[in-house]
Amino acid sequence: MCTQIKFHKFITSLFILLIASCSAFGQTYGLDFRSHEVVQDKRTGLAIGQEHALCFTDNVELSFEVSFIPNQKNYFGYLVRVIGNDGRNIDLIYDYDKSPPIRHFRIVIGDTFSRIVFDLPGIGTQDQWHTFRLQFNKDKGMLRLLAGGQTFEQPLTLSNKNCYKLFFGANDYQNFKNSDVPPMMLRNIRILENNRLTHYWPLNEADGGLAADSVGNSNGIATNALWVKKMRTNWQALQSFTINGAASLAFNPAEETVYIIGRDSLFRYSIPLNKMRADAYSTGPQSLSAKYQSYYNAVDKKIYLLPVTLQDMAILDPATLAWDKQLPSFTDGMNYCHFNKYYSPADSALYTFNGYGFFLYKSNIYRYHMPAGTVQLIDSSKAKMTPRYLAALGPAAHGAYIMGGYGNPSGRQVLNPKNLYDLNYFDVRTRTFTKIYDLKIDTEEFVFANSLVINEAAHTYYGLIFPKHKFDSELQLIQGSLTEPVFQAVGDKIPYKFHDIRSYADVFYDSIAKRFIVPALFYDEEANRTTISMYSLYGPPLPVQAPEAVLRKGYTGLIALGAGAVLLLLFAGWQLYRRLRRKQPAVTTASGIPTPIPQEPVLPVTPLQPQFDAAAPAPAAAPGQEKVLIHLFGDFQVRDSSGEEVTKLFTPLIRELFLVILLYSIRWERGISSEKLKELLWFDKTAASARNNRSVNIAKLKNILERIGFIRISKDTGYWKIDLDEDKVYIDYSRYLTIMRDKGQLNKHRMSGLADIIQRGSFLTNDEHEWLDAFKSEISNEIIDTYMHFASSVDLREDPDFLIKVANYIYYFDPVNEDTMSIKCKSLAYLGKHSLARDTFEHFGKEYKRLYGEDFEKNFQEILE
């Protein structure tokens, strides 16, 4: 009887989970459009019928679903452009109409506004899907649009046979070219002729540029495609950069910002913009080590830098960049690291748990009462948990969940510590722990990154796991239940270098952008620098392979998702249960966990592929062999002669050593002396120690270059120098210097070649070294001066589109250049894009005030004059 009751509970829970899984995972597809956040050439478009138009003899309906990304500054652009066989365009656009009554959506026919103009609530604030239906009725000579429960009509003459080409977002078709794209997602495009479905493009692809027509035979072509399925299984590498000293992390969900607290600066990483900004502290450098973690308090909008004991704590005001006090100096060996922290709104207190130091695992709980500024150690007789570190904590309504870790009951490292897999709940009201369950693990042992993302309403959590016994490790996101010991892996893996207290990883959930953000830190003690790598995955995350339902209570089995499988399971329940009990588990997964359905991610930044200056193309490699590619503009990137990316082979120190020798070799064509290398890289070492470090790291660098091929390091002239086969190695910085050294030949063609180089971003965007500042400054000034000089020689009326591109290139290096803003505004206005011109001016004004603390003195009309 007891077994039957337990099985009944299991079947009921599984039924709910399967239904929720179908709901959660059933709509995770579509095409996401790159919009105004990227240059025109990188925006997303979908073309259907471009080569062979879609032809109809009866009445036709085109329908599709669109979801607009929330909290974007600009939604202007073309949802769809329909081009008929008569050369007439019919456009559904989102316009900037700010005059009441506000009506943003318009139908444009040819070059004239139709009488169809309307608005939909929630655009920019909500992420729901909107269905648009365009009906072409040739019998009545009418175009009808249905959207948001509204119906609009416009007389439209149609012939007996009508053929159409469809363009969603950007397109480059003949004289109908367009690059104004709303930040949107698109799915479920259907065409009905006389109410019969003739074409259907669900847009459920995961890769490539083909959009399959699942009913007809007219496949669409997507350019710069961002498939939603892939965005929910593949982590995107966003940023990677190095800062001096140790670092700590905090997350501001309201502003979608990750704070990196460094020794002398606060780094703010904006998730929507995928940009990093550094601001030096107004009160000077702060003492920092691995023993400190950080917490952003949304109540007072301050960042708390805290150790596990909450005694030596400092508070930073991000607005003024001022610390309330200077922390004492420290000894790295006296740290308690990898502890967990929790803020309780109920009693306005910060709590810390667990940690490791002095070969001891901790289980103490400290409480800092913010209003009173007092610290207390919680009575361990009431709150007891196995001492541990490398556990994960997730906040809940009245407490916190703590999962897993590594430790033992004695707390002493010498007494056989083990991986722990228990889930505990800390109730802040009673200050006691309740154990919920132990995971049953038959996979590789693992520990957790610092945080859990909790969804109490759905009884689910997300966490990052990794094996602690490997240096070259990997982070894996899992989705699990708060009530049952089940979980499944979701998304692919993130590379992670784990060296105990030198490494740190966390996971945050951006509820606005609907995606997970993972910062992974590695502190190089020898170089006294921290490398921070940022990754993102859109939610709800999907398993890399098809989801399986596997039970973890001594039995396992595969249960297909969907209503049919649910009914079958309920019908044959007991027989299935008896079979399942006899099978041994094979995979650690769980049935679908109910979770809110994020519909609208923010567009990520995808690395651009290398492009060569058409004015002077790089020499071709031998047949069957690619060129070695080294990119220094934008993210540092190296590809070997087989096309494989090998950037990861360069550790932070090896990377800096390679860059300094390479740049000195290219820029001054002689290399760098051993004395200069010591000054730049090992200034804090003795001569003997610096010599030893140089020898070891030069040897490592030689091995890497030997693997890449066609590049070697030499000291034939007494200087360390990079030698290479110029026919088989392409370096964008070398190409850049070739263009800039021949300024007398700068024309539009060569300017486009320069654009191919710098469109990846500014020079070594994510590398921050004092010696590198001179290179960056020289390049930025040279590019700005060159483009401005060239722009002044171009007649606005001859090529306004190219001048807009020129302005965008300059913005990479100087976002508040008044002359650049003026060129772009005038060019946009000349093209009739007045709303975009004003938008450019207003954005410039905000950036100007942020940087200089005062309003820009000119108005929009003065700029256009």
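Strand S35 (residues 399–407) is largely enclosed by the rest of the structure, because nine of its nine residues are buried (under 20% relative accessible area, 1.4 Å probe, protein chains only). Strands here are DSSP runs (E, at least two residues), and helices are DSSP runs of H or I with at least four residues, both numbered from the N terminus. This is a predicted model, in which local features need pLDDT of at least 70 and side-chain atom pairs count only at pLDDT 80 or more, while totals for chains, interfaces and linings use all residues. Residues are numbered from 1 along each chain as its sequence is written, and side-chain values use heavy atoms, without hydrogens and water.

**Pairing of S35** (strands pair if DSSP finds at least two bridges between them)

- S35 runs antiparallel to strand S33 (residues 388–389), with two bridges between them.
- Tyr406 of S35 is the bridge partner of Tyr389, and Tyr406 also has Asn419 in S36 as a bridge partner.
- Strand S34 (residues 392–395) is antiparallel to S35 and joined to it by four bridges.
- Leu393 has Ile402 in S35 as its bridge partner.
- Eight bridges link S35 with the antiparallel strand S36 (residues 418–427).

**Negative surface patch**

- Glu854, Glu857, Glu862 and Glu865 make up a negative surface patch (residues with over 30% relative accessible area and no salt bridge, like charges joined within 9 Å).
- A salt bridge would need a side-chain nitrogen of Lys or Arg within 4 Å of a carboxyl oxygen of Asp or Glu.
- Glu862 belongs to helix H14 (residues 860–864).
- The relative accessible area of Glu862 is 41%, so Glu862 is partly exposed (between the buried limit of 20% and the exposed limit of 50%).

Key
Patches are made of residues with over 30% relative accessible area and no salt bridge: like charges are joined within 9 Å, nonpolar side chains (Val, Leu, Ile, Met, Phe, Trp, Tyr) within 5 Å. Accessible areas come from the Shrake-Rupley method with a 1.4 Å probe; for residues, only the protein chains shown count as cover. Lys and Arg count as positive and Asp and Glu as negative; His and the chain ends are not counted. The place of a charge is taken as NZ of Lys, CZ of Arg, CG of Asp or CD of Glu.
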